[in-house]
Amino acid sequence: MIETGDTGRTWLLTGASSSYALQLTERDELVHLHWGPQISLAAAEALAAAPQPPPRGFESALDGREEYPVEGGPRFVRPALSVRTEEVRGTEWVLAGAAVDGDELRIGFTDPVHRLALDLHYRMRDDSDVIERWATVAHTGPDGPPLELLRADAAAWTLPARDGWRMSRLHGRWAAETQIARTELTYGESVISSRRGHTGHQHLPWVALDADGTATEEHGEVYGCALGWSGSWRISVQQLPDGIVQITGGAGHDDAGLLRLAPGESYTTPVFAGLWSGAGFGGASRAWHAWQLAHVVPDAERLRPVLYNSWEATGFDISQDQQRALAERAAAMGVELFVVDDAWFGRRTDDRAGLGDWTPNPDRFPAGLKPLADEVHGLGMQFGIWVEPEMVNPDSDLYRAHPDWVQHFPGRTRTEFRHQLVLNLARNDVREYLWEQLDALLTSAPIDYVKWDFNRSFTDAGWPGEEYAQKLWVEHVDGLYALIDRLRAAHPSVAFESCSGGGGRVDLGILSRTDQVWTSDNTDPLDRLVIQEGFSQIHPARVMAAWVTDSPNVQLNDRVSSLRFRFVSAMAGVLGVGGDLTEWSAEELAEARSWVDLYKEIRPHVQRGALYRLRAPRGGLSAVQYVHGEETVVLVWLEAQRYGERPPALRLRGLDPTATYTCLDTGAVHHGSVLLHQGLHTGLRGDLDARVLRLRRA
Ligand code: GLA
């Protein structure tokens, strides 16, 4: 809901449990008033009317107050917008107007010198505490020099004054994504970013700040901000001299230049979403999850199938017969979607060749993919394939025909990673080629699922002949989005997974057009608990793919773990199986079948329930709980039992203290009040033990 104050210059946005207020001053400055628990319009207007203390010394009266600080004038904070022509740098605003349209507020400004129009957008939905903010900048023309956007962030968020703040981030690298780091914020700027052309394994574009470092999993004030952009990006958290904290975020990794706008052209930033929660990190996560399931992820009400993926089993050495043999075993296990990973196309027999040539390898699939897809369907499963459309191996027909289609600088080395180069998706001919290839592929066989990979970062991101090559960083992502959108529209029954060597492209932008993401190439079930804990800070289990692979985990660390531990670890997300099933014994296959059956029973709760992280994976007992309707599901893991002691009782969350709950496995009846206060003994013992507990409200 959006309310407008009497003067028409104060706005109050109200969501499920929080409010956000802003005001246009008499001088048409757009300043921040409130972000936090719900307040009334009268309270917002009182804040607007309160006199501002004059700035001290060298400080500015605007810094730390503005909704969208720009470069120029009496400002010294990091600007959200930085624009220049050959002659004039910075902006000076004239108010153009404000409008409320349903749950969206738009406030417009113009800069007559630059012929620039700026629209700031805010959207807060009644069922959520997430505020979506973005900006549009346009060169209104009809003439005038081109405008260079050095920086155009989506928003600046301002936190209330507190004694101090702690900042949480999710850092990582390949096979070790989304690890939580929390540090005290101090004066100056803390910047996280990707300079890689994709979201990156190194940081999810998300931060959380809790006042005085006092929030816990279920208590305290937490502010979160997350960006919906799948290219290079930057989030800057600034603590100003007076202690006020402002957070800006947008596309592009530095101020080297983002885009150039000719008369008539415009740029819309990605969404930089913000959230306040009064219920700790867990409350913030649940609010992020609910918002993504309701408003971001396509078809989120559809439960994701259990998949089998052949990558860890077969690598590059694949054949139709071998895939069929795996598919038969997967089907017998209850798998619902069979995915052929890399090496089905072109001359792809290792990672040196074939990327770019998206037609089936005639030696391996003589009649194309259709026979295998039909067989897989005959086994009662959906059929999926792996692609990496944005890439090309120099050893490919595509590269031999179009060496100029890759990002490169004239006269410079074309740096290879994994023997591959990045196609320039900012080019229309490249987009059109990929559209034709992928559309033909999806038409050639009954394909239900596409795992879309991206296995290297940008390096030599040049575009010879293009006047403003820097735009490639933004337009590559625009090209990717346009391609996926077009494929989805033409093939509406096909689901897409975003992968980038595991979790290198996980963000709200890609999640608004894909059905799930590959969380990490690390399938070790113990490491995964930590990666999943981090991932769940912002994204829901419904999009978090997790596979059960072989033990020992030869790919990573030779760790030996039981099928039980591997399954319960992977059941915390969208369950998949990725082991070499031809090596699994009859007993293992039968046991796996029973785990898959159990997963299907708990799946609605895992994929749609409210997540409570009961205990973090820090060496001992850890657990997550999903509350959904009358049922609650607990997944609990014991890394190592110490001193022969019984692991601690698990205190559950989100239950009704006045209700009783029946354990669906033992039939035991528990009182909600006891489960909440004293907890439940899980009976786990030894090393790497795990269990699924299901309780139903009596
Ligand atoms: C990436 C993915 C893997 C697999 C390989 C195939 O590393 O993350 O899951 O698809 O590529 O080459």
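Predicted model: local features only at pLDDT ≥ 70, side-chain atom pairs only at ≥ 80, totals over all residues.
Student: Where is E71 found?

Tutor: E71 lies in the loop that runs between α1 (41-49) and β5 (81-84).

Student: Buried or exposed, then?

Tutor: E71 counts as buried, because its relative accessibility is 19% and the cut-off for buried is under 20%.

Student: What does the side chain of E71 make a polar contact with?

Tutor: The partner is the side chain of S82, at 2.7 Å. If neighbours within four places in sequence are left aside, the residues in contact with E71 are P79, L81, S82, V83, R89, G90 and T91.

Student: Changing topic, at what angle do the axes of α7 and α8 cross?

Tutor: The axes of α7 (residues 428-444) and α8 (residues 472-490) cross at roughly 30° and come within 10 Å. Angles under 35 degrees count as roughly parallel, and α7 and α8 are therefore described that way.

Student: Is that crossing left-handed or right-handed?

Tutor: The crossing of α7 and α8 is right-handed.

Student: Which residues meet there?

Tutor: From α7 come R431, E432, L434, W435, L438, D439 and L442, and they meet E475, D478, G479, A482, L483, R486, L487 and A490 of α8. By class, this contact of α7 with α8 has eight nonpolar, six charged and one polar residues.

Student: And how many residues of α11 are buried?

Tutor: Seven of the eight residues in α11 (residues 563-570) are buried, so the helix is mostly covered; among the buried ones are F565, R566 and F567.

Student: What covers them?

Tutor: The cover over the buried residues of α11 includes the helices α10 (525-535) and α12 (586-608), together with strands such as β30 (544-548) and β31 (574-577).

Note on methods:
Residues numbered from 1 in each chain as written. Heavy atoms only, no water. Helix = DSSP H or I, 4+ residues; strand = E, 2+ residues; numbered from the N terminus. Buried < 20%, exposed > 50% of the residue type's maximum accessible area, 1.4 Å probe, protein only. Polar contact = N/O pair within 3.5 Å; in protein donor to acceptor, adjacent residues only side chain to side chain. Contact = heavy atoms within 4.5 Å. Axes fitted to C-alpha atoms, helices over the stretch in contact; angles between N-to-C directions. Parallel < 35°, antiparallel > 145°, perpendicular 65-115°, else oblique. Left-handed = near helix turned anticlockwise from the far one by under 90°. Nonpolar A, V, L, I, M, F, W, Y, C, P; charged D, E, K, R; others polar.
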